[in-house]
Amino acid sequence: MRRPEVMALIGACFLMSAAHGAYYTFYSIYLVDNGYSKSLVGWLWALGGGL
């Protein structure tokens, strides 16, 4: 855990997750505004996350 390479990897993964969080949130709002139900949006994210 204390190796610089491991810390760099964990930091990069955190930054990637934080950057994509806003995208996922606003895209979900966009889908709901365009007629998709909230439950369908949730199922689509669940399906996409498993691929």
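Predicted model: local features only at pLDDT ≥ 70, side-chain atom pairs only at ≥ 80, totals over all residues.
Local features require pLDDT of at least 70 and side-chain atom pairs pLDDT 80 or more, while totals for chains, interfaces and linings use all residues. Residues are numbered from 1 along each chain as its sequence is written, and side-chain values use heavy atoms, without hydrogens and water.

Helix 1 covers residues 4-33 and helix 2 covers residues 38-49. Helices here are DSSP runs (H or I, at least four residues), numbered from the N terminus. The two axes come within 9 Å and cross at roughly 140°. Axes are lines fitted to C-alpha atoms over the stretch in contact, with angles from 0 to 180 degrees between N-to-C directions.

Contact means heavy atoms within 4.5 Å. On the helix 1 side, Y23, Y24, Y27, S28, L31 and V32 take part. Their partners in helix 2 are K38, V41 and W45. By class, this contact has seven nonpolar, one polar and one charged residues. Nonpolar means Ala, Val, Leu, Ile, Met, Phe, Trp, Tyr, Cys and Pro; charged means Asp, Glu, Lys and Arg; the others, Gly among them, are polar.

One salt bridge is counted (a side-chain nitrogen of Lys or Arg within 4 Å of a carboxyl oxygen of Asp or Glu). It joins the side chains of R3 and E5, at 3.4 Å from N to O. R3 is exposed, at 53% relative accessible area. A12, in helix 1, is partly exposed at 45%. Buried means under 20%, exposed over 50% and partly exposed in between (1.4 Å probe, protein chains only).

Note on methods:
Helix = DSSP H or I, 4+ residues; strand = E, 2+ residues; numbered from the N terminus.
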